Amino acid sequence: MNQISRRKLITMGLAATAGVSGVAVASRLARRYGLIPPDHGGIYGPGETLTYACQRLLTTHSPAHEFPRSMISKTPFANATAHPSEEFKRHQAGGFSDWRLTVDGMVERPTSFSLADLRSLALSSQITEVACEEGWSYIAEWIGTPLAKVLHEAGLHPQARYIVYFSFQHYWWDSIDMADALHPQTLLTWGMNDGDLPVGFGGPLRMRVPRQLGYKSVKYITRITATDSLKGFGKGLGSASPEAGYAWYGGI
């Protein structure tokens, strides 16, 4: 991401307060500094662009709020998912011992990791909130391997701009930019509240992106791909979410 001066940031903020013409000015500045989200087209495009650009400029390294253990929700809400396939049931019956995470795309060493491999790489934990756009939320402890560590092990190319991640449920996928991919709180999560990650919450492996709304934390992860463009994925909007009417960037 290109650097932008404080003067330009102030200009963008003033432009944003000037109504429709201000949005156009902010959009041009965002384009100049490479801060255009993949779902920038359509009637909501200027707003999506302004939101993404402003948040990236102001919160690139900022952490999501973490809570004390006393605030962990006693009855966290497991959002409904599709009925598990027979193949998933076979994985579950085997304790997910043959579950694999494939890492490919713009990396020096395309590879795959078992859950045991991920656990041996690094361990990180956080107590953060899952905030859903539909209005519900809960706080839990999430335990996993930082995505940045996995990307480092695979030899991430410096030209990569996005990480695309895919669920075992093949219709469900998403992507994040490198600011979130390399953020220390972004985890490939395999544990929750001092135990294994339950299937209802995305076990055995869930992407946890605590700086964005809950739908970015895709469940049942099997593959991550490093890329410099999102045009070749789905409809080119960055994820299945904007294809269904949500924003690609769901920053909190």
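Two strands pair if DSSP finds at least two bridges between them. That rule is needed at several stops of this tour, which goes through a predicted model.

**Stop 1: the hairpin**

Select residues 124-131, which are strand E3, and residues 137-146, which are strand E4. The two strands pair in the antiparallel sense, over eight bridges. Together E3 and E4 form a hairpin, with five residues between them. Now pick Gly135 in the turn: its phi is positive, at about 115°. To see how the strands line up, show Ser125 and look across to E4, where Ile143 stands opposite.

**Stop 2: the whole chain**

Zoom out and colour by secondary structure. The protein chain has eight helices and 10 strands. Of its 252 residues, 49% count as buried. Consider the contacts in the chain with a separation of 6 or more: residues 24 or more positions apart account for 66% of them.

**Stop 3: the open sheet**

Next, select strands E2, E1, E10, E5 and E6. In that order they make up an open sheet of five strands, with mixed pairing. Which strands are at the edges? They are E2 (111-114) and E6, each of which pairs on one side only. From one strand to the next, the twist averages 20°.

Keep E5 (residues 162-167) and E6 in view. These strands run antiparallel and are joined by five bridges. One place to look is Val164, whose bridge partner in E6 is Ser175.

**Stop 4: Tyr162**

Select Tyr162 in strand E5. Is this residue buried or exposed? At 7% relative accessibility, Tyr162 counts as buried, because the cut-off for buried is under 20%.

Now show the surroundings of Tyr162. Leaving aside neighbours within four places in sequence, its contacts include Ile36, Ile176, Met178, Thr225, Leu230 and Trp248. Asp228 is also among the contacts of Tyr162. The C-alpha atoms of Tyr162 and Asp228 are separated by 6.1 Å, although the two residues are 66 residues apart along the chain.

**Stop 5: aromatic pairs**

Show the side chains of Phe, Tyr and Trp. The structure holds 17 aromatic pairs. Begin with Tyr52 and Trp248, whose ring centres are 5.4 Å apart; their planes are at 70°, so the pair is edge-to-face. Tyr52 is in helix H3 (residues 45-59), while Trp248 is in the segment after helix H8 (240-243). This pair links distant parts of the chain, 196 residues apart. Both residues, Tyr52 and Trp248, are buried.

Move on to Trp173 and Phe233. Their ring centres are 6.5 Å apart and their planes are at 40°, so this pair is tilted. Trp173 lies in strand E6 (residues 173-177) and Phe233 in the loop between E10 (221-227) and H8, so the pair ties together parts that are 60 residues apart in sequence. Trp173 and Phe233 are both buried.

Then select Phe77, Trp136, Tyr138, Trp142 and Phe201, which form one aromatic cluster. For another kind of arrangement, show Arg223 with Phe166. Arg223 lies over the face of Phe166, at 4.4 Å from the ring centre.

**Stop 6: Ala78**

Select Ala78, in the loop between H3 and helix H4 (86-93). With 33% relative accessibility, Ala78 counts as partly exposed. Which residues does Ala78 touch, not counting those up to four places away in sequence? They are Gly200 and Phe201. From C-alpha to C-alpha, Ala78 and Phe201 are 5.6 Å apart in space, and they are 123 residues apart in sequence.

**Stop 7: cysteines**

Finish with Cys54 and Cys132. Cys54 is partly exposed, with a relative accessible area of 22%. Cys132 has 18% relative accessibility and counts as buried.

A disulfide is a covalent bond between the sulfur atoms of two cysteines.

Definitions and conventions
Residues numbered from 1 in each chain as written. Predicted model: local features only at pLDDT ≥ 70, side-chain atom pairs only at ≥ 80, totals over all residues. Heavy atoms only, no water. Phe/Tyr/Trp six-rings, centres within 6.5 Å; stacked < 30°, edge-to-face > 60°. Helix = DSSP H or I, 4+ residues; strand = E, 2+ residues; numbered from the N terminus. Buried < 20%, exposed > 50% of the residue type's maximum accessible area, 1.4 Å probe, protein only. Lys NZ or Arg CZ within 6 Å of the ring centre and 35° of its normal. Axes fitted to C-alpha atoms, helices over the stretch in contact; angles between N-to-C directions. Contact = heavy atoms within 4.5 Å.
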